[in-house]
Amino acid sequence: MTSPGEAEEFEPPYLYPDYKSTVLRAPSRPLVRLPEEWFHNARGPAFGRIPVRSEDADLTQQHQGEPLGERIAVSGRVLDSDGAPVRNTLVEVWQANAAGRYVDPVDDHPAPLDPNFTGAGRCLTNSDGWYRFVTVKPGAYPWRNHPNAWRPAHIHFSVFGPDLGSRLVTQMYFPGDPLMASDPILQSIADPRGIDLLVAAFDWETTTPNWALGYRWDIVLRGRNATPRGI
Amino acid sequence: MGGRRVPTPSQTVGPFFGFALPFPGDSSPAVGGEALRIEGQLLDGEGAPVVDGLLEVWQGDQFARCRTDAEGAYHFTVHKPSPTPESDGIPTASHLNVSVFARGLLRHLVTRLYFPDEQAANAADPVLARVDPGRRATLVARRDGAVLRFDVHLQGADETVFFAH
């Protein structure tokens with residue numbers, strides 16, 4: 001429940017048995033609440049140690065050749081829940097290739113690796129909070145959660161923001177993907193308005209003629225007036 | 001500045017972040033004589049190691065990150081932080097903010113690591129004071145030879161105290 005004046009939120013629960021890995025990993029005790037400002041007081045780290053080069057934002061230019069797949073540009077703004085742009089913050093992305101296979105050695109899906117695609121990128125937001133990545137559209141892939149389970153196409157995002165309370169790891173999905181309706185990770189968000197917040201919009205404005213399709217996705221981090229969430 | 005906006009919901013880090021998020025030297029920002037090594041294991045509700053977890057330590061200018069290994073083990077080499085007052089001026093004991101990510105965690109968890117040689121400061125710490133006395137020990141690292149040991153139990157009798165964030 002939200003109190004008057006408090007922004008609505010659509011966070012997933014920790015325990016969501018349809019997503020089987022939550023059953024033994026979700027904490028069972030209530031989270032301890034601290035006064036809100038205590039978390040905001042934990043200012044975020046300096047990112048100087050995480051190397052960010054301008055070429056890290058173009059996942060199609062990290063190898064000798066071009067990766068296979070549909071070339072896309074994903075861009076948007078990082079804002080906080082008070083409406084202010086989040087400047088100069090680290091955004092990290094990772095994803096499967098166009099065939100639905102991750103470079104990660106943990107992934108044993110029998111789809112081909114692409115020698116020209118790693119699938120990891122980094123950038124810092126600019127002074128208006130904008131980020132932009134060029135990549136290829138990731139493929140769907142099967143997983144073992146339930147019979148014939150397939151993850152919808154998605155790109156993982158990690159965003160820091162200014163303090164401990166703003167840290168966010170999430171996933172961006174693509175509009176119209178029929179697998180979204182049966183994906184327990186996405187459907188763990190009970191309110192369809194929350195799900196909508198994770199689906200990018202196809203965007204003509206950022207679609208480059210004869211080059212790449214554009215997707216637009218804004219990210220909202222918890223600002224100083226956000227209320228800590230329990231279980 | 002625009003109006004209030006709904007925060008983007010969290011989703012799990014999944015199992016496949018290992019090729020993307022770690023960076024060279026990420027678990028060991030501290031070098032030199034004062035550096036402190038912390039070791040621990042991330043464990044699930046059956047006590048099994050969580051082999052696809054990611055822990056971040058965040059305090060002041062220090063940021064460290066470590067992926068768990070095949071035993072669910074992680075390690076950090078950091079400087080022991082100096083005590084920092086909370087924003088309302090209450091002094092707090094020296095601690096590290098620890099965030100936990102894993103497949104199966106739809107939202108990350110936040111906890112704190114306190115130091116075993118700070119008994120008086122820990123006893124006066126306003127955050128520990130808000131924790132059930134029977135569970136406070138889950139937030140205090142143990143001295144184990146030359147290292148400090150800090151295990152994180154996601155569930156079970158020894159479940160680590162996590163904070164709403």
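Two strands count as paired if DSSP finds at least two bridges between them; strands are DSSP runs of E of at least two residues, and helices runs of H or I of at least four, numbered from the N terminus. On that basis, chain B holds an open sheet of four strands in the order β3-β2-β5-β6, with antiparallel pairing. This is a predicted model: local features need pLDDT of at least 70, side-chain atom pairs count only at pLDDT 80 or more, and totals for chains, interfaces and linings use all residues. Residues are numbered from 1 along each chain as its sequence is written, while chains are lettered from A and ligands numbered from 1 in the order in which they are written.

**Sheet in chain B**
- β3 (62–67) and β6 (109–114) of chain B are the edge strands, each pairing on one side only.
- Strand β2 (residues 53–59) of chain B runs antiparallel to β3(B) and is joined to β3(B) by six bridges.
- B:L55 has B:C66 in β3(B) as its bridge partner.

**Contact between chains A and B**
- Chain A gives 66 residues to the contact and chain B gives 57 residues (in contact: C-beta atoms, placed from the backbone, within 7 Å).
- β8(A) provides the largest share of the side of chain A that touches chain B, four residues.
- Elements of chain A that each supply at least two residues to this side include α1 (36–40) and β7 (154–159).

**B:R5**
- B:R5 lies in the segment before β1 (35–43) of chain B.
- Apart from neighbours within four places in sequence, B:R5 is in contact with A:L79, A:S81, A:G83 and A:V220.

Conventions
Two residues are in contact if their C-beta atoms, placed from the backbone, lie within 7 Å.
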